[in-house]
Amino acid sequence: MTTEQFWIIIEEAWQNSENATQAYFALKTILSKTNTAELVSFAKHFSKYEIQLLTPEHLSAAFLLCEGWLSEGEFQAYAWSVVAVPRKVFEDVVRNPDSILIHKEFNHMPGGELQPFGTVVFQVAEERKETLPDFKVERVFNLKSIQFGGKSGKNILDQVSCAVLTPKIYEKLSENVEWD
């Protein structure tokens, strides 16, 4: 599967979907029609894009969207939601996490149910009673690897850094966070 084919599949999933839940089930249906090699390739592409989100700005966005609670699992769910949108939306949000506020694909955030886009490949394989071959998917969600202002991981996150890193999300959602 090429990069273009990956994005065509994502965009097809969103084509008639009004929200992330519908897009998730559409993606699952599309992937259920692929072969094993295509499933594995899809997972590798997905992982490649997740890693682009390991930045202070995206850490801040995820923290604010999760209303001040952020584990590695919650950050991963945030990343899955960002990768599983049409390419132009993804590229916009990668460049500017604040733009998440203007895209309809993220209307379920904050507080909405995040769909497990990152596991859809494995769910499809399980439903087909198929064992995927061993393959390496980069899933490096060690928040301590994110550095900003001499701090790392969740220690980056305070009112000032969030206001600097994601000012629009901070302005809209900071009141939902219990700051220490």
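This is a predicted model: local features need pLDDT of at least 70, side-chain atom pairs count only at pLDDT 80 or more; totals for chains, interfaces and linings use all residues.
Ser 161 is found in helix H8, which covers residues 159–165. Leaving aside residues up to four places away in sequence, Ser 161 touches Phe 148 and Ile 156. Ile 156 also takes part in a polar contact: its backbone oxygen lies 2.4 Å from a polar atom of the Ser 161 side chain.

Helix H5 comes next. H5 spans residues 72–83 and has 12 residues. From its first C-alpha to its last, H5 reaches 16 Å. That is close to the 16 Å expected at 1.5 Å a residue. Ser 71 caps the N-terminal end of H5. A side-chain oxygen of Ser 71 lies 3.3 Å from the backbone nitrogen of Gly 73.

H5 is mostly covered, with nine of its 12 residues buried. The buried residues include Phe 75, Tyr 78 and Trp 80. Gln 76 and Ser 81 are also among them. Ala 77, Ala 79, Val 82 and Val 83 complete the set. Which helices do the buried residues of H5 pack against? They pack against helix H1 (3–15), helix H3 (36–51), helix H4 (56–65) and helix H6 (87–95).

Two of these partners, H1 and H3, also pack against each other. Two packed helices are described by the angle between their axes and the distance between the axes. For H1 and H3 the angle is about 90°, and the axes are 10 Å apart. H1 is therefore roughly perpendicular to H3, because about 90° falls within the range of 65 to 115 degrees. On the H1 side, the contact is made by Thr 3, Phe 6, Trp 7, Ile 9 and Ile 10. On the H3 side, it is made by Phe 42, His 45, Phe 46, Lys 48 and Tyr 49. Seven of the residues in this contact are nonpolar, two are polar and one is charged.

Attention now turns to single residues. Lys 28 is found in helix H2, residues 20–31. Its relative accessible area is 15%, so Lys 28 is buried. Lys 28 touches Val 120, Gln 123, Val 124 and Glu 127, not counting residues up to four places away in sequence.

His 103 is found in the loop between H6 and helix H7 (120–127). At 16% relative accessibility, His 103 counts as buried. Beyond residues up to four places away in sequence, His 103 touches Val 89, Asp 92 and Val 93. With Asp 92, the link is a polar contact of 2.7 Å between the two side chains. His 103 and Phe 63 are 40 residues apart in sequence, and their C-alpha atoms are 18 Å apart in space.

Leu 132 lies in the loop between H7 and E1. Leu 132 is buried, because its relative accessible area is 13%. Not counting residues up to four places away in sequence, Leu 132 touches Thr 36, Leu 39 and Val 40, along with Val 121, Phe 122 and Ala 125. Leu 132 and Trp 7 are 125 residues apart in sequence and 22 Å apart in space, C-alpha to C-alpha.

Lys 129 lies in the loop between H7 and strand E1 (147–148). At 77% relative accessibility, Lys 129 counts as exposed. Its phi is positive, about 55°, although Lys 129 is not a glycine. Glu 67 has a positive phi near 55° and is likewise a residue other than glycine. Glu 67 is found in the loop between H4 and H5. Its relative accessibility is 33%, so Glu 67 counts as partly exposed.

Is Glu 171 buried or exposed? Glu 171 counts as exposed, because its relative accessibility is 68%. Glu 171 and Leu 64 are 107 residues apart in sequence. In space, the two are 9.9 Å apart, C-alpha to C-alpha.

Conventions
Residues are numbered from 1 along each chain as its sequence is written. Side-chain values use heavy atoms; hydrogens and water are left out. Helices (H or I, at least four residues) and strands (E, at least two) are DSSP runs, numbered from the N terminus. The expected span of a helix is 1.5 Å times one less than its number of residues. Buried means under 20% relative accessible area, exposed over 50%, partly exposed in between (1.4 Å probe, protein chains only). Contact means heavy atoms within 4.5 Å. A polar contact is a pair of N or O atoms within 3.5 Å; within protein, one must be able to donate a hydrogen and the other to accept it, and residues adjacent in sequence count only if both atoms are side-chain atoms. Axes are lines fitted to C-alpha atoms, for helices over the stretch in contact, and angles run from 0 to 180 degrees between N-to-C directions. Angles under 35 degrees count as roughly parallel, over 145 as roughly antiparallel, 65 to 115 as roughly perpendicular and the rest as oblique. Ala, Val, Leu, Ile, Met, Phe, Trp, Tyr, Cys and Pro count as nonpolar, Asp, Glu, Lys and Arg as charged, and the others, Gly among them, as polar.
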